[in-house]
Amino acid sequence: MDVNTAEAATNSRSSSSSSSNGDAAQPSAPPTPAEAGSLPKKGARVTRVTKKKGELLTEEEKKANHIASEQKRRQNIRTGYDQLIQIVPTLTPSQRSEALILQKTVEYIKYLLMEREILEGQVKDVGR
């Protein structure tokens, strides 16, 4: 989608919403960040821009896609830490330090491995 096409789409939206033919005005879709001419505010949810095969993204659309991908990556990391807090018994939801969460998780895994070795030894002793 080139600049002229984007401008034409924006202009057709604004002219169709301000028509005075007596019909009820149909709500138009909000402009994309590229059409609006500005990037989203920090903390605002961003959706990825997709185009037909062969069409190139504008720099604004590329930046919006990058922001959306980064937000998704950060959310996935947060979800992973939340899951560790739920699984590791020595962690509480008030402990949000990533370093502490990882340290306690490693300690818990080592504990579980040690418990496994003890249980395997007991199984071998019973089998003799």
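Visitor: How many helices and strands are there in the protein chain?

Guide: Helices (H or I, at least four residues) and strands (E, at least two) are DSSP runs, numbered from the N terminus. The protein chain has four helices and zero strands, in the order α-α-α-α from the N terminus on. This is a predicted model, in which local features need pLDDT of at least 70 and side-chain atom pairs count only at pLDDT 80 or more, while totals for chains, interfaces and linings use all residues. Residues are numbered from 1 along each chain as its sequence is written, and side-chain values use heavy atoms, with hydrogens and water left out.

Visitor: Is T105 buried or exposed?

Guide: Buried means under 20% relative accessible area, exposed over 50%, and partly exposed in between (1.4 Å probe, protein chains only). T105 has a relative accessible area of 11%, so T105 is buried. T105 belongs to helix α4, residues 98–127. Of the 128 residues of the protein chain, 10% count as buried.

Visitor: Which residues does T105 touch?

Guide: A contact means heavy atoms within 4.5 Å. Leaving out residues up to four places away in sequence, T105 touches L84, V88 and L91.

Visitor: Which residues make up the largest nonpolar core?

Guide: A nonpolar core is a set of buried Ala, Val, Leu, Ile, Met, Phe, Trp, Tyr and Cys residues joined through side-chain atoms within 4.5 Å. The largest one here has five residues, namely Y81, I85, V88, L91 and I101. Apart from neighbours within four places in sequence, Y81 contacts E98, I101 and L102.

Visitor: How is a pair of aromatic rings described?

Guide: The description uses the distance of the centres and the angle of the planes. Rings of Phe, Tyr and Trp (its six-membered ring) pair if their centres lie within 6.5 Å; planes under 30 degrees apart count as stacked, over 60 as edge-to-face and the rest as tilted. By this rule there is one aromatic pair. The ring centres of Y108 and Y111 are 6.3 Å apart and the planes stand at 25°, so the pair is stacked. Both residues lie in helix α4, three residues apart, about one turn of the helix.

Visitor: How accessible are Y108 and Y111?

Guide: Y108 has 23% relative accessibility and therefore counts as partly exposed. Y111, at 41%, is likewise partly exposed.
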